[in-house]
Amino acid sequence: SNNSLGRAGLFAMALSSQYEVEIIGPAKSGDIWYPMKNMGISIRPYPWKRYPFFIVTIRKMIKEIDADMLIACKLRPTSFGIALIKKWASGIPLVVDIDDWELGFLYHSGFWGKVGRFLNFSNPNGLPYTWLMERLTGFADSTIVSNRFLQNKFSGPLVYHCRDTSILDPDKFDSDSIKTKLGLKGKRVVMFLGTPRAHKGMEELFLAIEKIKDTRIRLVLIGADPSVQSHIDRMKSNQDRVTIFPKIPFKELPEHLSAADILVIPQRDTTDTQGQIPAKLFDAMAMAKPVITTPLSDIEEVLGGHGYLIDPRNPVQLAKTIEYIFENPEEARMKGLNARKRCQELYDIKVLKKELELQIKKLTTEQS
């Protein structure tokens, strides 16, 4: 029911042309994450409550899983943990995909915050159970990771977030007409995708927009939740230069992205970001959009010089870089085009499909 479905959905789409694929998993709201709700893949959600009631959900899922192979997307008890129990009970081969350092999300709250989280035994994805998952990765038949931090920690082949560059194709869209459709005609659009969180540099982004005098520049947030309003309320000026769009279906993402002149990913350097690579980076590259981001995790390597890097927590540098890009449109355009070429070569969904099929073939051979 949240963005954890993103990577799982990507894997499912990559494999669906050759295999019968189903996504299953706990969904706290009982619903499916809106952007991928109608992705054309069978999805079976299991509503759940905290322990001790979550035991009922585990038993139900274990009983109803019917597969020749399991891919657990997320090193969480509600994914890897349940899949591991099924593997032990049935012998079905299991691949664990680790796309984030889950403990990093739980470690950012300081000493007493960690103590409180460690004592939170009712949460199925709480710190003690997540800590245990890290120590059980060796029981999976294979491991896949999404960045080098995780590769150094858990080993396994590196598979970045990939994108279907035939769908995310800027040549299929007219930016000016899409801007008009979205009410952004004549605006210079600086876009942020996804749920606003502190570690994503939201405070720095709003401070940067405040510093820019060009009234044509509009900050557009796609998929923001109501919490973003607090950032807008703290702005001393330029509040009218922020436009918010709700969550959109994944199939509408290319059109909305085509309206962007710049995509911003101002990640902070925290335990939240050290073990992850932002998926939206690959969306921007596929759509040939100039990217402003910070050199954390594998971001600099992924971009290969075809983006704009700033220091974390530096709104002044962010504002100046936004202004620089609009002052140098041809340079920005070429960086975007070169980023797309790099994405087509290294991060297209066909690269992901090849690696997944290799893992499946390897484990199938070992089982036979």
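Author: A residue counts as buried when its relative accessible area is under 20%, as exposed when it is over 50%, and as partly exposed in between. Arg 148 has 34% relative accessibility, so it counts as partly exposed. The model shown above is predicted.

Reader: Which residue forms a salt bridge with Arg 148?

Author: A salt bridge here is a side-chain nitrogen of Lys or Arg within 4 Å of a carboxyl oxygen of Asp or Glu. For Arg 148 the partner is Glu 301, and the closest N and O atoms are 2.8 Å apart. This pair links distant parts of the chain: Glu 301 is in helix α14 (residues 299-303) and Arg 148 in helix α7 (residues 148-154), 153 residues apart. Glu 301 has a relative accessible area of 36%, so it is partly exposed.

Reader: How many salt bridges does the structure hold?

Author: The structure holds 23 salt bridges. One of them joins Lys 74 and Asp 100, whose closest N and O atoms are 2.6 Å apart. That pair also links distant parts of the chain, with Lys 74 in the loop between β3 (70-73) and α3 (77-90), and Asp 100 in the loop between β4 (94-98) and α4 (102-107), 26 residues apart.

Reader: Are Lys 74 and Asp 100 buried or exposed?

Author: Both residues are buried. They also belong to a network of salt bridges that links Lys 74, Arg 76, Asp 99, Asp 100 and Glu 102.

Reader: What is the distance between the closest N and O atoms of Glu 134 and Arg 135?

Author: The salt bridge between Glu 134 and Arg 135 has its closest N and O atoms 3.8 Å apart. Glu 134 counts as buried because its relative accessibility is 13%. Arg 135 is partly exposed, because its relative accessible area is 46%.

Reader: Let us turn to a helix. Which residues of α15 are buried?

Author: The general idea is that an α-helix has 3.6 residues a turn, so residues three or four places apart point the same way. In α15 the buried residues are Pro 315, Leu 318, Ala 319, Thr 321, Ile 322, Ile 325 and Phe 326. They cover an arc of only 160 degrees around the axis, so they lie on the same side of α15. On the other side of the helix, Lys 320 and Glu 327 are exposed.

Reader: How many residues does α15 have, and what span does it reach?

Author: The helix has 13 residues and reaches 18 Å from its first C-alpha to its last, close to the 18 Å expected at 1.5 Å a residue.

Reader: What radius of gyration would a compact globule of 368 residues have?

Author: It would be near 21 Å, and the protein chain has 21 Å, which agrees. Sequence separation can be read as well: among contacts between residues at least 6 apart in sequence, 68% join residues at least 24 apart.

Conventions: Residues are numbered from 1 along each chain as its sequence is written. This is a predicted model: local features need pLDDT of at least 70, side-chain atom pairs count only at pLDDT 80 or more; totals for chains, interfaces and linings use all residues. Side-chain values use heavy atoms; hydrogens and water are left out. Helices (H or I, at least four residues) and strands (E, at least two) are DSSP runs, numbered from the N terminus. Buried means under 20% relative accessible area, exposed over 50%, partly exposed in between (1.4 Å probe, protein chains only). The expected span of a helix is 1.5 Å times one less than its number of residues. The arc is that of the directions from the helix axis to the C-beta atoms. The radius of gyration is taken over C-alpha atoms; the globule rule is 2.2 Å times the number of residues to the power 0.38. Contact means heavy atoms within 4.5 Å.
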